[in-house]
Amino acid sequence: MPSSSEQTRKTSMAIWRGLKCRCPQCGQGWLFHHYLEQVEHCAVCGEPLAYYRVGLILPLLVITVLGHVIGLVMLEMELRGAGSPLVYLYVLVPLAIIVPLAILPSCKGAIIGLLWAHGWSDEQDR
Ligand SMILES: [Zn+2]
């Protein structure tokens, strides 16, 4: 039986705070030590965050977003007549490297926010 505080957690707010790489509860503390290293507890409110593990959902989400971005760019380039192999090499290869690196922390934060909002942690496994 979830407690009343768990019931009032707003999923969209938690995901939004996670997208900003912030604590899903208070929205002020950082979710990550470094690039993708998750903190044990929020430095501001003390919420335990270490048990929310994203697993294989993160690469699935990043690949899905990246596939749509690359696909739209390729379609746009073909429609404009700029679809040569060299342009693909100079535009799409850097894009395929930069976009995932840029969106990884936000995607991981959003997934942590979703897990936190629903209480889906692996704390019971320990
Ligand atoms: Zn917090």
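1. A residue counts as buried under 20% relative accessible area, as exposed over 50%, and as partly exposed in between. K20 is partly exposed because its relative accessibility is 42%. Please keep in mind while reading that this is a predicted model.

2. Let us stay with K20 for a moment. K20 lies in the loop between α2 (11–19) and α3 (57–79). Its C-alpha atom is 9.0 Å from that of L31, a residue 11 places away along the chain.

3. Here is a contact between a charge and a ring. R22 places its charged end over the ring of W30, at 3.6 Å from the ring centre. As for pairs of aromatic rings, the count is 0.

4. Now for the salt bridges, of which the count is 2. In general, side chains of opposite charge can pair when their charged atoms come close. One of the bridges joins R53 and D122, with 3.3 Å from N to O. This pair ties together distant parts of the chain, since R53 belongs to the loop between α2 and α3 while D122 belongs to the segment after α4, 69 residues apart. R53 is partly exposed, as its relative accessibility is 46%.

5. R80 and E76 also form a salt bridge, with an N to O distance of 2.5 Å. R80 has a relative accessible area of 67%, so R80 is exposed. E76, at 37% relative accessibility, is therefore partly exposed.

6. The segment after α4 also holds S121. S121 is buried because its relative accessible area is 15%. Apart from neighbours within four places in sequence, S121 is in contact with Y51 and Y52.

7. Where does I70 sit, and what does I70 touch? I70 is part of helix α3, and its contacts, leaving out residues up to four places away in sequence, are L92, L95 and A96. The C-alpha atoms of I70 and L95 are 7.5 Å apart, although 25 residues separate the two along the chain. I70 has a relative accessible area of 15%, so I70 is buried.

8. Finally, have a look at the surface. A nonpolar patch there is formed by Y35, L86, L89, Y90, V91, V93, I97, I98 and L101. Together these residues have about 890 Å² of accessible area. One of them, V91, is found in helix α4, which covers residues 85–118. V91 is partly exposed because its relative accessibility is 36%.

Conventions
Residues numbered from 1 in each chain as written. Predicted model: local features only at pLDDT ≥ 70, side-chain atom pairs only at ≥ 80, totals over all residues. Heavy atoms only, no water. Phe/Tyr/Trp six-rings, centres within 6.5 Å; stacked < 30°, edge-to-face > 60°. Lys NZ or Arg CZ within 6 Å of the ring centre and 35° of its normal. Patch = residues over 30% accessible without salt bridge, like charges linked within 9 Å, V, L, I, M, F, W, Y side chains within 5 Å. Areas by Shrake-Rupley, 256 points an atom, 1.4 Å probe, with all protein chains shown as cover. Salt bridge = Lys/Arg side-chain N within 4 Å of Asp/Glu carboxyl O. Helix = DSSP H or I, 4+ residues; strand = E, 2+ residues; numbered from the N terminus. Buried < 20%, exposed > 50% of the residue type's maximum accessible area, 1.4 Å probe, protein only. Contact = heavy atoms within 4.5 Å.
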